[in-house]
Amino acid sequence: MSDGGSRRCLVTGATGYIGGRLVPELLAAGHRVRCLARSPQKLRDHPWADRVEVVRGDVTDADSVGDALRGIEVAYYLVHALGTGSGFEETDRRAARVFGEQARAAGVRRVVYLGGLTPAGVPDRELSPHLRSRAEVGRILLGSGVPATVLRAAVIIGSGSASFEMLRYLTERLPVMVTPSWVRTRIQPIAVRDALRYLVGSATMPDDVARSFDIGGPEVLTYRDMMRRYAAVAGLPDRLVVPVPMLSPGLSSHWVGLITPVPRSIARPLAESLRHEVVCAEHDIARYMPDAPGAPLDFDASLSLALQRVRDAQVSTRWSSASVPGAPSDPLPTDPGWAGGSLYTDRRERTVEARRDQLWRVIESIGGDNGWHSFPPAWAVRGWLDRLVGGVGLRRGRRDAQRLRVGDSLDFWRVEEIERGRLLRLRAEMRLPGLAWLEMYADEDDAGRTRYRQRALFHPRGLLGHAYWWSVAPFHALVFGGMARNIARAAETSDEEAERPEPADREGAARSRPRP
């Protein structure tokens with residue numbers, strides 16, 4: 001099976017971090033993909049959903065696994081029970097056995113598994129439960145009777161991964177850190193791009209290859225090095241890191257839970273895994289997937305890719321109505337809610353007694369000489385403060401009094417997206433310790449009534465960004481609440497005026513009425 005042709009692939013864990021990114025890579029490589037998911041509806045919003053077959057099932061259920069593996073050549077095992085409770089090791093063990101047995105029965109030609117990199121020379125009993133379970137799953141699949149590729153990685157660098165998000169939150173929120181001693185542990189991180197390249201390449205490995213491979217980037221760093229390098233790439237001041245030996249993994253997981261929104265059920269096994277050095281002992285994977293120039297990516301390049309959309313403020317304009325992809329809050333629909341960094345949101349909604357097109361005209365004419373429908377002194381002061389620190393202020397106005405187009409400057413905003421008649425999205429260009437957007441929607445509810453929806457979004461940069469949001473939050477009811485209220489009122493007023501006949505029309509109507 002080393003001819004490099006198309007394969008029929010099954011991906012388990014497609015609703016997860018790696019699986020959700022692997023599927024489009026397999027499709028791009030020309031493979032056919034079937035996904036096994038307990039909740040298939042979680043996959044329907046992916047852009048590739050109509051190009052794959054999705055079947056319902058659970059990896060602990062032999063019948064559903066057997067049905068999913070029918071006709072499959074390469075099966076990707078990308079699930080684990082981490083965070084499900086104290087019995088997760090037994091669940092992982094049982095699921096791996098079911099999968100291996102059913103793969104052999106179905107005639108699958110290769111199983112591919114992404115596990116954890118374990119420290120050399122450390123007995124299993126001394127490993128964290130998380131790493132011990134990952135290692136055991138790899139052994140079970142290698143002993144299943146089906147040729148298996150077991151890829152072993154340490155920290156995966158990519159927006160949305162638990163390890164990376166923990167690094168992100170700790171570094172951004174704490175300029176001075178009293179940390180557990182594991183920040184001195186040596187780690188060999190890998191970019192998610194490289195991990196995906198190895199996963200895709202494993203589909204066409206020769207049939208006689210059945211072994212584990214260590215995969216990692218070109219650098220070995222301590223966790224303290226990683227935090228400092230993150231700060232440098234993200235444009236934050238250097239972090240002061242003071243390790244404290246008495247912070248045990250259990251205590252440090254509470255500490256991580258206090259500082260970051262990463263759930264403790266995930267933070268604890270990650271912290272425990274950092275007790276031991278995790279460095280690649282070999283790079284044999286290159287025999288089957290030679291490294292291209294610049295691959296694997298170094299740590300700074302990996303961080304730059306993970307943070308690129310945020311750092312450049314060139315965010316995607318294809319946001320879903322329920323998330324903010326482009327800000328790092330929701331890299332994929334299936335990523336955990338705490339992934340991507342903090343995103344503060346102020347939401348306002350009002351029913352409007354006016355036509356939807358009339359509401360849209362008010363929305364599209366906002367700013368410049370038309371004003372912002374909300375407490376003008378506050379906007380004037382904010383514009384003045386922005387000019388004081390070298391920003392653009394409110395002097396730019398607008399290009400046209402009634403019509404906007406993508407790219408227009410609008411006071412200290414820029415038009416990022418317009419869905420004519422429905423959505424206006426503005427990106428802030430004033431000086432801020434973070435990124436900000438303002439969205440205004442002309443919508444309808446289920447009863448057909450016009451509905452105005454408004455979202456102000458802020459992605460803080462460092463501790464100063466969080467402090468900024470909370471310092472201005474008390475004024476949001478006045479500024480954003482007033483804006484929503486007055487935009488609705490303006491639409492209603494203009495709608496009434498539009499329906500009122502002109503004087504000439506009233507006179508004409510009076511002359512045309514028959515006399516009594």
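Val-176 is found in strand S8 (residues 176-180), strands being DSSP runs of E with at least two residues and helices DSSP runs of H or I with at least four, both numbered from the N terminus. The model is a predicted one, in which local features need pLDDT of at least 70 and side-chain atom pairs count only at pLDDT 80 or more, whereas totals for chains, interfaces and linings use all residues. Residues are numbered from 1 along each chain as its sequence is written, and side-chain values use heavy atoms, with hydrogens and water left out.

With a relative accessible area of 52%, Val-176 is exposed; the classes are buried under 20%, exposed over 50% and partly exposed in between, for a 1.4 Å probe and protein chains only. Together with Leu-240 and Val-242, Val-176 makes a nonpolar surface patch of about 250 Å². Pro-47 is likewise assigned to the exposed class, at 72% relative accessibility, and is placed in the loop between strand S2 (32-37) and strand S3 (53-56). The C-alpha atoms of Pro-47 and Pro-24 are separated by 8.8 Å, the two residues being 23 apart along the chain.

Helix H5 (residues 162-173) is mostly covered, with 11 of its 12 residues buried. Among the buried residues are Phe-164, Met-166, Leu-167 and Tyr-169, and also Glu-165, Arg-168 and Glu-172. The end C-alpha atoms of H5 are 16 Å apart, which agrees with the 16 Å that its 12 residues should span at 1.5 Å a residue; the expected span is 1.5 Å times one less than the number of residues.

An open sheet of six strands has the order S14-S19-S18-S17-S16-S15, with antiparallel pairing; strands pair if DSSP finds at least two bridges between them. S14 and strand S15 (409-410) stand at the edges with a single partner strand each, so one side of each is left without a neighbour in the sheet. Strand S19 (residues 450-460) is largely enclosed by the rest of the structure, because 10 of its 11 residues are buried. Strand S14 (residues 344-352) is joined to S19 by nine bridges in the antiparallel sense, and Asp-346 stands opposite Ala-456 in S19. Strand S18 (residues 434-444) pairs with S19 over 11 antiparallel bridges, with Arg-453 in S19 as the bridge partner of Tyr-441. S18 and S19 form a hairpin with five residues between them, and Gly-448 in the turn has a positive phi of about 85 degrees. Strand S16 (residues 413-419) and strand S17 (residues 423-428) run antiparallel and are joined by six bridges; Ile-418 stands opposite Leu-424 in S17.

Rings of Phe, Tyr and Trp (its six-membered ring) pair if their centres lie within 6.5 Å, with planes under 30 degrees apart counted as stacked, over 60 as edge-to-face and the rest as tilted. By this rule the count comes to eight aromatic pairs. The rings of Tyr-344 and Trp-469 are stacked, because their centres are 5.2 Å apart and their planes stand at 5 degrees. Tyr-344 lies in strand S14 and Trp-469 in helix H13 (residues 462-472), so the pair ties together parts that are 125 residues apart in sequence. Tyr-344 is buried at 15% relative accessibility, and Trp-469 is buried at 8%. The pair of Tyr-344 and Trp-470 is edge-to-face, because the ring centres are 5.6 Å apart and the planes stand at 75 degrees. Trp-470 itself counts as exposed, at 56% relative accessibility. Tyr-344, Phe-458, Tyr-468, Trp-469 and Trp-470 form one aromatic cluster.

Definitions and conventions:
Patches are made of residues with over 30% relative accessible area and no salt bridge: like charges are joined within 9 Å, nonpolar side chains (Val, Leu, Ile, Met, Phe, Trp, Tyr) within 5 Å. Accessible areas come from the Shrake-Rupley method with a 1.4 Å probe; for residues, only the protein chains shown count as cover. A salt bridge is a side-chain nitrogen of Lys or Arg within 4 Å of a carboxyl oxygen of Asp or Glu.
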